[in-house]
Structure formats: C-alpha cells, structure tokens
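Subject: Structure for you to look at

Hello,

Here is the structure I said I would pass on. Please open it first, then read the notes below it.

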Amino acid sequence: MLELVRRQSQTRRRALRTTTATASGLYPAVGAPSSDPRGVIIGREIYSGKAYIYDPFILYDPSARERLPSGHALVLGKSGFGKSSLEKCYVLRQLRFRDRSFCILDAQGEDGVGEWDSIARSLGVTPIRLVYGGEDGEGVRLNPLDPRIPSQYQFKILCSMVEIIGGPLSSESEFSLSVAHAAAQVRAAAENRVAVLSDIHDALTNPEPAMLGRRQVGVEDMVDWGQPASLAMDQLCSPTRDLAGLFNGPTTPGIDLDARLIVFDLTRLPREGEAMPLLMSVIGPWLRYAWIKPGDSIKRTLIVEEAWHILSHRPVARLFEEFVRYGRRLGLSFWAILHHLGDLMVDEAPEAAAILKLTATRVLYHMDKAEADITADYLQLPDWAREALVDGASRCSPGRAVWQVGNRMHLVEHIRSATESELTNTNRKMTEAVSGSQAPAAPLISMRKSAA
C-alpha cells in the first residue's frame with residue numbers, strides 16, 4: 001500500500017493567466033510600486049511599509065525606473081505638519097553625497113534668527129544675515145550691479161525693482177533706465193570701481209541727451225521719462241529710507257558661495273512690504289551667476305521658504321521662471337515651500353503658473369477642506385489623495401504627506417533620528433519637554449572646509 005502511494009504522481013495545477021488590472025482587484029491590499037531605490041531615505045510608505053527613497057537628480061537620469069521631467073519640487077500644507085522637518089532632514093541626508101550643494105532662503109524663525117540657524121551652526125556654517133534699513137552696519141549687502149551678473153540681466157533686475165516699488169514701467173521709462181544703466185557702467189569703469197545703484201540714481205536725475213533711433217531726446221524729456229525710475233532709486237539709495245543698506249553699494253566681501261551649505265537669513269526683513277520681493281528679484285539672478293559654476297559636476301538645490309514672495313509678484317516670478325526653466329542644464333533643483341496655493345492669483349500670473357507646472361515633485365501635507373479642494377483641482381489629484389489631505393488626524397497626521405513624484409503617488413511617513421528631531425524641532429515654545437526619546441541618534445558631518 002505504501003508503495004502504491006509513493007508511485008502516485010503529484011497533482012499539478014495549470015498556471016493562471018490574467019491581466020495586471022484584474023490581479024490588482026484580486027489583491028487590493030498590495031501597495032503601489034516604489035520609485036527608484038537609489039537616493040536618500042525619506043521614511044516609509046504607509047500602505048506597503050517599504051522604505052521611501054527619493055533623489056530628484058537620480059530620478060531625472062534616463063536609467064531611473066520612471067524618469068522625472070525636472071528636479072523641482074513644491075511643498076504645501078498647514079503649519080505644524082512637517083514641511084520644515086522634511087526639508088531640513090532632506091538637506092542633512094543629501095549632504096553626505098560629495099557632489100551636493102544647498103542654498104537656503106530662510107524667511108522664518110524666532111528670537112531674531114532663522115529656523116536654519118541651529119543646523120547651520122552645528123555644521124560649522126555661519127548664516128548670511130540681511131537686515132532691514134542697514135541697522136548699525138549689521139548684515140550684508142547684495143549689489144544688483146555686481147560684475148558677476150551679465151549686463152543684460154542687471155538691466156532686468158533694475159526693471160523688476162522699479163516695478164515692485166512704483167508699478168509697471170512705460171516704454172519711455174524703460175528707455176530712460178537703460179540709458180542710465182549704460183551711463184552708470186561707463187562712469188564706474190572710468191573711476192575703476194564697481195557700479196552701484198547710486199550711479200543709476202545720479203544718471204536718472206542728471207541725464208545727458210540720448211539718441212532714440214535717429215531722434216535725439218533732450219534733457220527735459222529724459223528727466224520726465226526717468227522720473228518713475230528715479231523715485232524708485234531714491235527709496236533704495238537715500239540713507240533716510242527704510243530700504244537703504246540692502247542693495248546700494250558693492251556686494252559685502254567675504255560671502256562664501258563655494259560652501260556646500262549656504263543659508264541666507266531673511267528673518268529680520270518684514271514679510272509685508274517691498275523689502276522681501278526686492279531681495280528675491282536680486283538674489284535669483286545673483287545666485288544664477290555667482291553660485292552656479294558652469295562646467296562643474298555639483299548638483300545644487302535652492303530651497304525658498306515662504307515662496308509666495310516669488311510667485312505672487314510678477315516681476316520676481318519673471319526672473320525666477322527663467323532661472324527654474326533652465327534648471328536641467330544648470331544642475332539645479334528648486335524647492336518652493338508654501339502654506340496655501342489658494343492665496344496665489346495663479347490665473348493672473350502666467351509666470352507663477354509656469355513655475356508651478358515645472359515642479360515634477362509635489363509634497364502635500366494636511367490642509368483644510370477648501371484649500372484641499374483648490375489644490376486637488378489645480379494639481380489634478382485623485383479622489384483618495386483629496387480625501388487624505390483633509391484627514392489631519394490619521395492619513396495626513398503630522399509627519400505624513402501625499403507624495404506625487406511624476407506619475408507615481410504615495411502616502412509617506414517621514415521618519416527622523418533623535419539628532420534630526422532635535423535640530424528640526426520648531427515647536428519648542430508650544431510643547432512640553434519630552435525625555436527618553438527612542439529614536440536612534442545620527443552623527444553630523446561638519447561642513448567646515450578644514451574638516452573636508
């Protein structure tokens with residue numbers, strides 16, 4: 001009998017052939033496929049439990065599983081749900097790659113310093129602080145006419161600054177400003193120095209006759225045409241004005257743009273008014289030509305806190321749109337950090353809409369129902385993502401976000417080490433101290449050149 005049992009052939013089943021769509025319906029609990037396994041760990045995917053790894057430069061490479069069209073990112077959501085922690089941990093982890101460099105425009109903080117102050121100083125980096133009105137010689141100055149910026153871009157910056165202060169420029173005013181710009185460069189070259197905004201102001205208020213084609217424009221017309229620009233320059237140059245000290249004069253020496261981490265501390269500048277958009281109009285092209293070095297292999301990331309200062313001002317958005325549009329050839333990843341997409345008049349600012357469309361990565365934290373609907377409609381999110389954004393107690397609780405990376409979408413929980421939790425905590429004044437953290441610590445690598 002036993003021999004008979006041994007000789008029986010084993011039962012075999014025929015293979016089941018089906019489509020992936022049908023298989024997904026049979027096994028609904030299986031998570032979506034992961035992105036490329038190369039890069040830095042962000043945390044874990046909620047539905048699959050797998051590690052979530054992200055690097056826009058790797059995902060842009062043709063060898064990636066699904067290539068991204070750009071390396072730019074948009075981060076949205078309410079305060080207190082993890083936007084700042086994400087970007088800071090991302091920078092700390094990316095800095096372990098030798099060919100990564102970061103520039104941070106830090107517009108938030110407390111006690112007179114920015115949110116990135118503790119991280120910068122822990123890495124041996126001194127933040128570059130800009131102050132309003134040149135208080136007691138503090139802070140640094142950025143010259144819009146810095147020779148590192150090509151002449152044609154200097155003129156674009158000047159036009160943007162005048163428009164921010166006085167409104168759109170007429171063709172006559174733009175012509176007068178171009179003549180003043182050329183005269184300022186000639187004057188500075190003759191005196192063997194760098195041109196500054198005061199030279200522009202002097203050339204506008206005391207102009208020479210100029211040729212407009214074959215027509216000679218007299219002094220009176222030049223003064224009249226240049227009045228809007230000269231009034232704007234007065235606000236930037238006069239020592240009694242609030243904007244004095246930020247832009248009028250040579251760029252402050254000693255700004256190290258070769259460091260792997262550069263932090264511009266903008267917290268002493270008012271969020272309302274003209275100072276912040278003026279600075280944005282200068283710093284974008286200034287970084288484009290002074291920070292980014294053509295021909296090197298460094299992958300650079302520009303993170304802009306409170307990016308609505310860029311997107312809500314058309315003159316600034318025009319400059320940054322060109323900067324972001326050429327990010328691929330510059331090796332640049334641009335991160336815009338915002339609270340509400342609904343606050344922006346995107347339909348009235350095509351430049352802002354273009355910047356948003358150039359972002360191939362969207363990280364979306366918890367939002368109120370109305371804001372979630374606006375965001376979901378604009379970004380064309382699926383229903384499950386729309387519902388998750390509103391659920392701030394579970395699916396999009398603090399530290400969890402919907403990640404849209406190209407055509408892939410995941411619900412991701414950001415995980416921090418004990419060291420990262422301490423450095424990225426922005427809620428110290430609103431929370432009780434907690435001891436005995438179970439999160440593992442992680443070492444910090446100094447960014448000091450002597451330690452390289």
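Is serine 397 buried or exposed? Serine 397 counts as buried because its relative accessibility is 14%; buried means under 20% relative accessible area, exposed means over 50%, and partly exposed is in between, with a 1.4 Å probe and protein chains only.

Before the rest, some notes on the source. This is a predicted model, in which local features need pLDDT of at least 70 and side-chain atom pairs count only at pLDDT 80 or more, while totals for chains, interfaces and linings use all residues. Residues are numbered from 1 along each chain as its sequence is written, and side-chain values use heavy atoms, with hydrogens and water left out.

Serine 397
Serine 397 sits in the loop between α17 (383-390) and β14 (400-405). Helices (H or I, at least four residues) and strands (E, at least two) are DSSP runs, numbered from the N terminus. The side chain of serine 397 reaches the backbone oxygen of serine 394 at 3.2 Å. Leaving out residues up to four places away in sequence, serine 397 touches Phe81, Asp391 and Gly392, where contact means heavy atoms within 4.5 Å.

The whole protein
The protein has 18 helices and 15 strands. It has 452 residues, and 49% of them count as buried. Of the contacts between residues at least 6 apart in sequence, 71% join residues at least 24 apart. The accessible surface is about 22,400 Å², and 51% of that belongs to carbon and sulfur atoms; these areas come from the Shrake-Rupley method with a 1.4 Å probe, and for residues only the protein chains shown count as cover.

Strand β3
Strand β3 covers residues 72-76, and five of its five residues are buried, so the strand is largely enclosed by the rest of the structure. His72, Leu74 and Leu76 point one way from β3, and Ala73 and Val75 point the other way. β3 pairs in the parallel sense with β13 (residues 359-364) over five bridges, and with β12 (residues 332-337), also in the parallel sense, over three bridges. Two strands pair if DSSP finds at least two bridges between them. Alanine 73 has threonine 361 as its bridge partner in β13 and tryptophan 335 as its bridge partner in β12.

Helix α6
Helix α6 (residues 151-166) has 16 residues and reaches 23 Å from its first C-alpha to its last, close to the 22 Å expected at 1.5 Å a residue; the expected span is 1.5 Å times one less than the number of residues. Twelve of the 16 residues of α6 are buried, among them Tyr153, Phe155 and Cys159. What do the buried residues of α6 pack against? They pack against α7 (171-190), α8 (197-205), α10 (227-237), α11 (275-290) and α13 (314-325). Just after α6, glycine 167 takes a positive phi of about 95°.

Glutamine 185
Glutamine 185 is in helix α7 and is partly exposed, with a relative accessible area of 28%. Leaving aside neighbours within four places in sequence, glutamine 185 is in contact with Ser151, Gln154 and Ala195. The C-alpha atoms of glutamine 185 and serine 151 are separated by 9.2 Å, and the two residues are 34 residues apart along the chain.

Regards

Notes. Polar contact = N/O pair within 3.5 Å; in protein donor to acceptor, adjacent residues only side chain to side chain.
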